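Notebook open, structure loaded. I'll jot down what I look up as I go.

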Amino acid sequence: MEKNPVIPVGKGKITLDSSLKEYAGKGYYIVIRLESHQGPCNDVDCQRILEAVVEITQMPDESYKIFAGNGFFLALEPPVFSYIDKDRQEVTLKKTRLGKLVTKGLSF
């Protein structure tokens, strides 16, 4: 297995950090979805803030787009796929020291 496997996603790509190797080949899906929450202002016109959420699951929602490579399975919510494909983004997935899964390079 490569040190940091790269999985093509449309016209973009996702690089998986070597810290995620425990999920390779075990039937787990790395799921990336969007969550939105209210911005810092108090008025009605305040723009909502989008945030990428990364989870590990056994079976993703059937509406998600599935990608595979180097023993890893990715499940992307359709808007996430669209952002990566449309903007040719190069996203990195990794695990922090505290075990939280995060994305780097994903913009909306």
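I started at Ile 7, which stands opposite Ile 14 in strand 2. This is a predicted model, where local features need pLDDT of at least 70 and side-chain atom pairs count only at pLDDT 80 or more, while totals for chains, interfaces and linings use all residues. Numbering runs from 1 along each chain as its sequence is written, and side-chain values use heavy atoms, with hydrogens and water left out. My strands (E, at least two residues) and helices (H or I, at least four) are DSSP runs, numbered from the N terminus. Strand 1 and strand 2 pair in the antiparallel sense over four bridges; pairing needs at least two DSSP bridges between the strands. The hairpin they form has two residues between the strands, and Gly 10 takes a positive phi near 60 degrees there. I also checked the faces of strand 1: Ile 7 and Val 9 are on the covered one, Val 6 and Pro 8 on the uncovered one.

Which residues touch the most other members of the largest nonpolar core? I found Ile 14, Leu 16, Leu 76 and Leu 93, out of 22 residues. A core here is a set of buried Ala, Val, Leu, Ile, Met, Phe, Trp, Tyr and Cys residues joined through side-chain atoms within 4.5 Å. Buried means under 20% relative accessible area, exposed over 50%, partly exposed in between (1.4 Å probe, protein chains only). Strand 1, strand 2, strand 3, strand 6, helix 1 and strand 7 (90-95) each supply at least two residues of this core.

Four strands here have the order 4-3-6-5, with mixed pairing. Strand 4 (49-57) and strand 5 (65-69) stand at the edges with a single partner strand each, so one side of each is left without a neighbour in the sheet. The twist averages 25 degrees from one strand to the next; axes are lines fitted to C-alpha atoms (for helices over the stretch in contact), with angles from 0 to 180 degrees between N-to-C directions. Strand 5 and strand 6 run antiparallel and are joined by five bridges, and Phe 67 has Leu 74 in strand 6 as its bridge partner. Helix 1 packs on the sheet, touching strand 3 (29-37), strand 4, strand 5 and strand 6, and its direction makes about 95 degrees with that of strand 3.

How many salt bridges does the structure hold? I get three, with a side-chain nitrogen of Lys or Arg within 4 Å of a carboxyl oxygen of Asp or Glu as the criterion. Lys 95 forms one with Glu 22, closest N and O atoms 2.6 Å apart. That pair links distant parts of the chain, 73 residues apart, with Lys 95 in strand 7 and Glu 22 in the loop between strand 2 and strand 3. Arg 33 forms a salt bridge with Glu 35 at 3.2 Å, and another with Glu 55 at 2.9 Å. Arg 33 lies in strand 3 and Glu 55 in strand 4, so the latter pair ties together parts 22 residues apart in sequence. Shared partners join Arg 33, Glu 35 and Glu 55 into one network.

Glu 77 is buried yet has no salt bridge, and Arg 33, the nearest side chain of opposite charge, is 6.5 Å away. For charge, Lys and Arg count as positive and Asp and Glu as negative; His and the chain ends are not counted. Leaving aside neighbours within four places in sequence, Glu 77 is in contact with Ile 32, Arg 33, Leu 34 and Tyr 64.

How values were computed
Contact = heavy atoms within 4.5 Å.
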